Every structure is written in C-alpha cells, then in structure tokens.
Amino acid sequence: MSDLPRKAVTRTAKLATLPLGFAGRATWSLGKRIGGRSAELVGSELQQRTAQQLFSVLGELKGGAMKLGQALSVFESALPESVAGPYRAALTKLQEAAPPLPAASVRETLAERLGDDWRGLFLEFDEKPAAAASIGQVHRAVWHDGREVAVKIQYPGAGEAMLSDLTQLGRLARLLGPFIPGMDVKPLIEEMRERVAEELDYGLEAEAQRTYAAEFRDDPDVVVPDVVCCRDAVLVTEWLAGTPLSRVIEEGSQEERDRAGQLLARFLFSGTARTGLLHADAHPGNFRLVPEEGRPVASWRLGVMDFGAVDRLPEGLPPAIGPALRMSIDGRAEDVHAQLVAEGFVRPDVDLDPREVLDYLLPIIEPARVEEFAFSRQWLREQAGRIADPRSAAHRLGRQLNLPPSYLLIHRVTLSTIGVLCQLGARVRLREELAAGLPGFARAREEDGSREPA
C-alpha cells in the first residue's frame with residue numbers, strides 16, 4: 001500500500017517544479033509589465049501565484065515537504081505586510097489540513113497494526129480524518145470503554161518520503177530562504193533530517209506524551225491528553241476538545257488571544273523543567289484553547305498535542321540562559337559577552353565589542369524588559385528586517401555569532417513560539433513567566449546586591 005508518492009524520483013520531480021515555476025512566473029511578470037500593467041499589481045499577483053504553488057506542493061506531498069511548510073508557517077508574521085497577505089491563507093492551511101488518505105488505506109493500516117478485529121476496539125470510528133499533519137492523520141473515534149479518542153495513523157511510506165523531501169529541499173534552501181527574512185532555512189532542514197527516525201517512532205511519542213500527561217494532570221493551566229493505546233504506526237490518545245490556536249488567530253477575541261499567549265509562554269518556560277522534555281513542534285495546529293464551562297476566559301486552559309518532536313533535556317533548559325537574559329536586561333554588556341563566549345555563541349577568535357553585542361540583543365529581548373508586552377506582526381517584521389538587511393550593523397554582527405548545536409532546537413522552538421505569539425497579537429506578561437520558569441533569571445539579579453529582584 002502506498003498513498004504517498006514514495007519513489008524519490010517522483011517526489012523530487014514535484015519539488016523540482018518550484019524553481020521552474022518561480023522562473024516561469026518571473027518571465028510572466030516581465031511580460032505583463034511590458035504590456036503596460038503596473039509593477040505593484042503584477043507583483044501582488046506574482047506573490048499570490050507563488051504562494052499558492054509553493055504551499056500546494058508542500059501540503060500535497062505531506063512528508064518532509066509539509067513538515068517544512070508547517071515550520072515556516074509560524075514565521076509568516078516576519079514577512080513584510082506587502083508580501084505577507086498572499087502567503088497567509090496558504091500557510092495557515094498547512095497547520096490543520098492536508099489531502100487525506102483514502103478510507104481503504106485507513107482500514108488496511110488499522111487491520112495491520114491493531115488486528116483484523118480492530119473495529120471491536122471502538123464503539124464508533126469516523127473514517128473521515130479530523131486533522132492531518134506531516135507524517136500522519138487523525139481520526140475521531142469512541143474507544144470501547146466510552147472515551148472519545150483521537151486515532152493517529154502514520155502515512156504509509158512516511159519515512160522514505162520525509163528523507164527524500166528533506167534531501168531535495170536542502171538543495172533548494174537558498175531559494176526558500178527569502179520567504180522568511182533573517183532565518184537560515186538550511187540548518188532547519190538539516191535538523192529535521194536528523195530527527196526523522198524519532199518522529200516516525202510512535203512508541204517514543206507515546207512515552208513523551210505519557211510523561212507530559214502525568215506531570216500536567218489536574219494542572220489549572222495546561223491539559224495534555226492521556227495515551228490510550230500505541231501499536232507501531234497507530235497512536236490512540238484521549239480526544240482533546242477546544243478551539244485550535246489557528247482559529248483563535250483568525251477570529252478570537254483579544255481576551256482569548258491574551259489567555260492563549262500567556263499560557264503558551266508559560267508552557268514553553270515551565271514544561272521542560274517539569275518534564276525534562278522540550279516540546280519541539282510549536283505551531284498553532286498543535287495547541288487548543290480549552291474553555292472551562294461557566295468560567296471566564298481567564299480560567300481557560302491550553303491544550304497541547306503532538307509529542308513526536310521533543311528534545312530530551314533531563315536537566316532542563318541550559319542554566320546559562322536565565323542569567324544571560326537577566327544580565328542583558330540590566331545592561332551588563334561585559335558579563336553578557338563573557339557568558340556568550342563561555343557558551344560558544346561567540347567564538348574565541350572573533351573580536352566583538354560587548355556594547356555592540358548588547359545593542360544587537362536588546363531589541364530582541366524587549367518583551368522581557370517590560371511588565372506586559374504586546375506581540376505583533378509589525379514588531380516581528382521590524383526585528384526580522386533589522387537582522388536580514390545586509391546594510392545594517394545588526395546583520396553584520398549577527399553573521400559573526402555562532403549557534404552551538406546544543407541550542408539549535410531550543411532556538412527554533414523559542415522563535416516558533418514568538419512567531420505564534422505575534423500571529424495571536426497577544427499581550428503577554430513574559431517577564432513574569434521567565435521569573436517563574438527560567439532558572440537563574442530572577443536569581444541573577446538578586447545576586448547583584450545593588451538591584452531589586454524582578
């Protein structure tokens with residue numbers, strides 16, 4: 001059985017249509033301009049056609065192609081508004097939907113993994129998928145004990161497809177880079193390749209989800225559904241009700257956006273310390289805002305799903321992050337520079353002015369410097385533009401900094417979370433979450449006798 005185009009040559013051919021399509025539309029736009037149409041109007045049409053092709057191809061192929069599309073989707077806030085509009089709808093589609101497996105393939109997979117009598121395990125089973133992702137799709141069902149459950153079924157050929165896509169997309173990294181200013185796509189693709197085996201292992205995912213579910217059981221702010229059953233390429237978990245963050249982004253009230261953003265930040269900075277795991281797939285399709293019946297929005301919880309991509313950090317987040325962030329806020333340029341050198345962000349052979357390094361960091365950490373910060377697309381665009389502009393001092397300094405391998409996934413998750421907060425337009429008391437959940441953030445200030453703790 002094969003519902004993914006498994007052969008590398010087939011998938012490569014589809015992905016190869018991207019640069020050819022871009023080149024063709026560039027020729028089309030030139031012809032339109034020669035024909036007298038305005039550059040602005042032609043440019044808008046070109047962006048829309050490019051977006052539609054790019055994310056149609058990424059979504060259609062599922063696998064690594066869709067995985068990259070979902071990863072990029074949280075950064076649409078960083079695009080200039082003149083460009084972001086045509087991409088936004090196409091990007092959002094990737095967060096919750098993809099072409100489904102045929103019903104016959106679903107039945108065959110369940111029979112292979114759960115046994116020929118698999119229907120006896122369920123009181124009800126909806127063959128139409130409720131959601132789809134990069135390597136699997138989810139069906140709503142009722143388990144034999146009456147619990148509503150989510151049945152995640154891995155796409156046949158998902159492993160081969162993932163590797164094939166990511167290999168080809170690695171070759172196209174330079175082409176894809178301009179979609180997200182200030183972000184190097186190639187390391188993102190390489191890191192995804194390294195984690196293919198883990199993401200395909202539903203046993204590891206179930207183990208991680210059980211850890212989170214146990215830790216957050218009865219938590220007032222976060223809910224994680226329990227694992228019901230795991231058999232190779234099929235994972236059954238309790239059904240998680242609530243409003244997807246993608247819908248909150250589109251139509252939620254400001255109060256709902258603020259609550260979702262506050263809890264997302266809380267989960268990011270407290271979850272790892274509590275579980276020894278970092279949830280590493282921060283895009284809106286993996287989170288729900290879960291209402292509490294009869295209670296105000298301020299008491300609603302954040303539902304968290306999909307633990308296929310996690311980083312195992314038994315000691316929690318690196319202990320240097322909290323003190324470095326606090327010292328940056330306090331303006332201690334020399335101390336910050338020394339910490340960055342010690343952690344490998346500044347190579348010993350690179351001579352940087354500590355004050356210039358601090359000036360580079362301060363706009364990025366602005367949300368942690370105030371009591372409450374209003375995340376917005378405009379703010380993220382400003383930061384991305386500042387770092388991406390080859391003429392800027394920030395761009396030149398940024399190119400001299402190094403990202404140690406141990407921080408790569410942490411960096412991506414943090415950026416992804418910030419991207420979602422900006423999509424939400426949430427007002428978040430980030431400093432409060434840092435003081436409560438990030439080791440060393442509050443203490444670093446207390447240890448300096450001349451300052452009050454946060």
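1. **Basis.** This is a predicted model, in which local features need pLDDT of at least 70, side-chain atom pairs count only at pLDDT 80 or more, and totals for chains, interfaces and linings use all residues. Residues are numbered from 1 along each chain as its sequence is written, and side-chain values use heavy atoms, with hydrogens and water left out.

2. **Overall make-up.** The protein chain has 20 helices and 14 strands. Helices (H or I, at least four residues) and strands (E, at least two) are DSSP runs, numbered from the N terminus. Of the 454 residues, 54% are buried. Buried means under 20% relative accessible area, exposed over 50%, and partly exposed in between (1.4 Å probe, protein chains only).

3. **Contacts and surface.** Take the contacts between residues at least 6 apart in sequence: 71% of them join residues at least 24 apart. Contact means heavy atoms within 4.5 Å. The accessible surface of the chain is about 20,000 Å², and carbon and sulfur atoms hold 51% of it. Such areas come from the Shrake-Rupley method with a 1.4 Å probe; for residues, only the protein chains shown count as cover.

4. **Helices α12 and α19.** Two packed helices are described by the angle between their axes and the distance between the axes. Axes are lines fitted to C-alpha atoms, for helices over the stretch in contact, and angles run from 0 to 180 degrees between N-to-C directions. The axes of α12 (residues 254-275) and α19 (residues 430-437) come within 9 Å and cross at roughly 25°. The two helices are therefore roughly parallel. (Under 35 degrees counts as roughly parallel, over 145 as roughly antiparallel, 65 to 115 as roughly perpendicular, the rest as oblique.) On the α12 side, the contact uses Gln262, Ala265, Arg266 and Phe269. On the α19 side, it uses Leu430, Glu432, Glu433, Leu434 and Gly437. By class, that is four nonpolar, two polar and three charged residues. Ala, Val, Leu, Ile, Met, Phe, Trp, Tyr, Cys and Pro count as nonpolar, Asp, Glu, Lys and Arg as charged, and the others, Gly among them, as polar.

5. **Helices α14 and α15.** The axes of α14 (residues 333-343) and α15 (residues 354-361) come within 8 Å and cross at roughly 85°. That makes α14 roughly perpendicular to α15. Ala333, Glu334, Val336, His337 and Leu340 of α14 meet Pro354, Arg355, Val357, Leu358 and Leu361 of α15. The contact has seven nonpolar, one polar and two charged residues.

6. **Helices α16 and α18.** Here α16 (residues 377-388) packs on α18 (residues 408-424) at about 140°, with the axes 8 Å apart. The pair is therefore oblique. Arg377, Trp379 and Leu380 of α16 touch Ile418, Gly419, Cys422 and Gln423 of α18. Four of these residues are nonpolar, two polar and one charged.

7. **Threonine 237.** This residue is found in strand β7 (residues 234-238). Threonine 237 counts as buried because its relative accessibility is 9%. Leaving aside neighbours within four places in sequence, its contacts include Glu148, Gln209 and Asp226.

8. **Two aspartates with positive phi.** Aspartate 218 has a positive phi of about 65°, although it is not a glycine. Aspartate 218 lies in the loop between α10 (202-215) and β5 (222-223), and at 72% relative accessibility it counts as exposed. Aspartate 232 has a positive phi near 55°. Its loop runs between β6 (227-231) and β7. Aspartate 232 also counts as exposed, at 51% relative accessibility.
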